[in-house]
Every structure is written in C-alpha cells, then in structure tokens.
Amino acid sequence: MRERATERERRYEVERDGREPEDERGREAGTTDARTPLVGGSLPRWGPWAVFSGVTAAVAGVLSVLGFNVALLAVASVVLTGAIIYGWARAVEGRRKATDRAITIAVSSAFALALTPLISLLFTVTSRGLARFDVQLFTESMRGVLGEGGGIQHAIVGTLVITGVATAASVPIGIMAAIYLHEYGRGRLKRALTFFVDVMTGIPSIVAGLFAYALFVLIYGPGIRLGVMGAVALSVLMIPIVVRSTEEMLRVVPNGLREASYALGVPKWRTIVKVVLPTSFAGIVSGAMIAVARIIGETAPLLITTGVFNSVNFNPFDGRMENLAVFAYNEYATPGIPNEPYIDRAWAAALTLLLIVMILFFVARLISARFGVKTR
Amino acid sequence: MTTATASATEAKRVEVSDLDIYYGSFHAVKSVTMTIQPNKVTAIIGSSGCGKSTFLRSLNRMHELVEGARVEGSVILDGQDIYAADVDSVMVRRQVGMVFQNPNPFPTMSIGDNVAAGLRLNSRKAKKDELDEIVERSLRGANLWEEVKERLDRPGSSLSGGQQQRLCIARAIAVQPEVLLMDEPCSALDPVATLAIEDLIGDLKNNYTIVIVTHNMQQAARASDFTAFFNLENSGDPGQLVELDRTDTIFSNPENKATEDYVSGRFG
Ligand SMILES: Nc1ncnc2c1ncn2[C@@H]1O[C@H](COP(=O)(O)OP(=O)(O)OP(=O)(O)O)[C@@H](O)[C@H]1O
Ligand SMILES: [Mg+2]
C-alpha cells in the first residue's frame, strides 16, 4: 500500500515537470503487442503560437497595402488562426482534439474580447487621470478656485460619506431581508416579495433619486439638498442587490449544517447567526462590495439630491455635498475657458473613484479571508 | 474498550405509541407503537423508503422542520410527551441528540470548537478550562482524542471522513443528551472506521439510549440489543413497524415471515 502510494507520488512529481517517467517511455517504445495505443499524434507546444504570429504578420502585411485597421487585424488573425489550427489538428490529432482546440480558441477570444474594453478603459482613465494626480488634488477643495489648480478633497469626502451612510443602512437591511426571505418566508408572501425585489433591481437610478427628493421635499419643502438624501436614493438602489446576492449565498449553505445545529438543541435564530451567516460570510461580503461598487459611481440621483458644492462638508444632514461622479460630470460638461484644467480634474476624479473601488475590494478580500470558512 | 466510559449512568426510556407521520398529505409511517429501552442499542432495519429516517427524525422533533410535515400520536420521553402542546422543540433536541448519515462538521469552526459547538451556540456560560475538559471528555468518548489532540485548532474539514463522523458523534455527546439517534452513521465509512464506530456505540450505551438506522444486517446483529424491522406492504403505502424483538431473536427466530425473508436476504 505505502510503497504504491509513494510510487504514484513520484510519478505525479515527474509528470508535473512535464516529462514522462523514463521506464514508461521505454516500455511504450518497445510496444509491439495489440494494446490500444494511449499515445496519439500531437501538435508541438509552440504550434498554435507560431501559427498565430505567422498569420498576424501576414495579415498585417496585406492590411498595410489595403489600409491599416487594428480591429480588422485582430479579428482576421484570430479567425484565420482558428481555421488553420483546426485543420492542422484534425489532420494530425484527430477530430476530438481538433474540436477541443477550436473551442479553446473560441473561448479565449471571447474572454479577450470581453476584457478589451475594460483594459482600454483602465488605460484611458489612468493615462489621462495622471495629469492632475498630485498632492494638491487631495489636500484642496474647489473653494474659490477658477481655472487651474484646486483639488477634489470635498468630492472624496462627499463620496465616502454618502456611500458610507448608504452602505451602513442598506447592508443590514438587505441581509436581514434576505434572511427573512430564505430562512423564514413561506408561500405566497415570499414569492410576492421575491418578485418585487427582482423588480427593484431594475429601477433606473434617476427614479431612485426622484423618490428621495420627493420624500425630503415633503418634510423640508422644495429645493432641499442634503447628503443624506443621496444616501437614501443610493440605498433604494443598493438594498435589492444586497438582498439578491445574500439570498443566493444563503442558498448554498448546506441544509445539513442547519440540521446539525438544530439537533444540538440550538434555536433557529442562533443557528442563523452562528452557523448559517458565518458559513456564507465571504459570499455575503463580496455581494455587499459589488453593491457598493455599483452605487459609488452614481451621478444622476445625486445631482438632484445632494447638489453641487465647492467646499468640504462632512455632515450629511447639513446642506449640499459634492461627490466624485457629479464633480467629474460637471467639470466635463461645463468647463471654463481654457478648458484643460477642468478636463484634467475630471479625469483625475475618475481615476480616484476607480482607486477607491479597488481599495474597497481589496479590503473586502482581506475581511472574508480572515473571517470566512477555513479550509486549512 | 476505552477508559472514558467507566462510570455508567441511567439514560431514559422512550415510549412511542400510535405514531403516524405525514409529509403534507403523504402518509409516510403508520401507527408505530414501540418501547425503546434505556441504555440499550435499538437498531432499525428495513428496505429503502419505508420510513426509517422519518421515524428517527420524529423522535427529536426534527421531522417538523420539513415544510408541511406533521405527526400524530405520542412519543413519551421519561414520562413527558414530547409532542404535548406546550413542549419546546429546542428543549427536546437538547435531550435527544442526532448523528447524520453524512458527517457535517461546521466548516467555520475548528475541531475543538466543533465539539464545544452545542455549548457555545447555546451560550451557556462555561469557563475556558471547563470547556476544554468537556471537549477532551467528548473526544475521548468518541475515540478520537488521540488522533486530534495535537491539532484541536485546525478546521474540522481537515479530518478524514471517518474522523469527521466521530467528530460529529463527539459533538452530539458533548451536550450530554439522554438519547442518541444515528441515521446510517457508517454508510460513508470503510470497514475499519465502521468497526471503530460500532465499538464506540457499544461503549456509549453505558450512558445513553441509542437508536441506530442501518442497512447493514451484520452491523445490526453485531452492535444492537434490540432490532426493529420496518416494512412497506406496497409501494405508496405508509411504512409500518413489523416486528421488534431482541436482536438475536430477530435474526434467528423471528415471528413474522416478512422479517425472516428480509434478514435472510429473500425479499418480497
Ligand atoms: N422531505 C420529504 N418530503 C416528502 N416526502 C418525503 C420526504 N422525505 C422522505 N419522504 C418520503 O417518506 C418516505 C420515507 O422516507 P425515509 O427517508 O424515511 O425512508 P428511509 O426508510 O429512511 O429510506 P432509506 O433507507 O433509503 O434512507 C419515502 O416514501 C419518501 O419518499
Ligand atoms: Mg434514510
């Protein structure tokens, strides 16, 4: 037993290095009996890449005569490479492997296609945002600034405060609603609530903004602008996302764990708090993070609820509040003359927003790694 | 076998009378009347789908967790009907523990915390060294202490399947129930681990009343004192208790023809 296990381990080590064990190869070479061969023809490792570079060079050559176009170059080379590899593999390796290669190429190209706009966007935001990504950007607001200079401290503060208040309100409500729907809800009422939550995920953000505005107008009268109004509008957008993702995570907690807990005489609410939620913790955190990322860049509902403001304001219950998305929008939509400083500030604000989201995701990862299910 | 079970304690008797068990409108088990003897192992055998698990889960009110499920009749644990109107199902489950077919340690907890889970989750205030002592005693009781004492802080999922099952048994006995229900506890285990658990069951009956569902005739013969045979007359009919007797009687000289056919491997 033990000996065989170590033998297997050794072979595993060797195979992982990409080489076959010596004795196996020797035996294969000397095979003369009628065993079904396990070794078939195979394209060389470098084959696909060589074909791809060759085809790309050829297409580039042709296009340089006809008029160059990057998109056409990419599409034509991928399609041609796919066709050539498929034909080649079919001749050398047989149909199953050829199909495998074709699908691999199709899936990888789809992946590259999906990634292209993202990378392009990251590149554009970074390269254009860096022009004004300096210390002044973070230490100053736009108070009394016309033309060059100024900073976005007020917008960063506003974004963090508004998003923070919205998150603090929505995440607990969303999680509790999901717990109700999944652990307690039954029958008609549950189905109706699930349906409305689904509908709510589709609310246009401007409608959420108008809702918050209308709500506060009832209390404070027309023209009111408060940070907390923005937070209310964002909560309306956020809660259904949190509910949906949390519900999904509760669904994957095995029922056996709940039963094991009940069988120990643990009441239902404690089972949920101590067993179900910890087990799905990582998923719930990342669901909440996705919801935060979804609303942190909202512009329209905040334009009508928190307004436009040039100074730092920490208090969501007192007057207007700037935020990064609205700031970027305004700098871009209504620049002064000359317009470069305005446009540069807009890009720098967009870059800052991107970085904030990245930092939040990083923190969320740390949190779920620290408190989630332990496997080692 | 082990030293942990030197002192025997009197466990409780369970008397089931006229128990009918339903899933919504589906009648799963029909009028079972039986007495489960204290400090003995009672095995439940019978063909698949005849309601063994259903019956077992009705003994600690786990059955009612299924939507639409209900029970008629009475289960009397130590003189109290667990289905009486004002009985709290949570209190019943603290008296009647359960081990499931598939080992299900809590994935967020370490080995030690898994064993202490019943106490921790019920927030009974226990001191650290008191908890440690309970953990050690329960793990010794489940024949697992020697294997895990060096790594109590590792996650429960890092154990093998057989060790996980013994961990679940340790977790169940840590809350010191009166009755321990086991639903095919060995069906995912190899013969060595199975024997280990059977030995363990033999030890546990000094302190607990044990009911075990099994598909393994040898296991029932080896590990139990009493055997109950459940059967379905026709598929779609509710399952019934056919015969309950001492295990050696059931296997050598049963009263009922169906029992004899089943234990000797001739069905239908
Ligand atoms: N959650 C449920 N809802 C509805 N019917 C159920 C449910 N669980 C079990 N049943 C039905 O109740 C009957 C008894 O099932 P049970 O699980 O008790 O059988 P069993 O004797 O434990 O079988 P096995 O030996 O295969 O585990 C079966 O007809 C089954 O289909
Ligand atoms: Mg069963």
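Residues are numbered from 1 along each chain as its sequence is written, and chains are lettered from A in the order in which they are written. In this predicted model local features need pLDDT of at least 70, side-chain atom pairs count only at pLDDT 80 or more, and totals for chains, interfaces and linings use all residues, while side-chain values use heavy atoms, without hydrogens and water.

Visitor: Which element gives the largest share of the lining of the largest pocket?
Guide: A pocket is an open set of points on a 1 Å grid over the protein atoms alone, where a 1.4 Å probe fits, with protein on both sides within 12 Å along at least five of seven lines; lining residues have an atom within 4 Å of a point. Helices are DSSP runs of H or I with at least four residues, strands are runs of E with at least two, and both are numbered from the N terminus. The largest share, nine residues, comes from H5(A).

Visitor: How many nonpolar residues are in the lining of the largest pocket?
Guide: The lining has 21 residues, with Phe52(A) and Ser108(A) among those nearest the centre. Ala, Val, Leu, Ile, Met, Phe, Trp, Tyr, Cys and Pro count as nonpolar, Asp, Glu, Lys and Arg as charged, and the others, Gly among them, as polar. Seven lining residues are polar, one is charged, and the nonpolar ones number 13.

Visitor: Which residue of E8(B) is the bridge partner of Thr42(B)?
Guide: Thr42(B) lies on one side of E3(B), with Ile44(B) and Gly46(B). Strands pair if DSSP finds at least two bridges between them. E3 (residues 41-46) and E8(B) run parallel, joined by four bridges. The partner of Thr42(B) is Val211(B).

Visitor: Which residue stands opposite Ile212(B)?
Guide: Strand E7 (residues 179-183) of chain B pairs with E8(B) in the parallel sense, over five bridges. Opposite Ile212(B) stands Met182(B).

Terms used:
Buried < 20%, exposed > 50% of the residue type's maximum accessible area, 1.4 Å probe, protein only.
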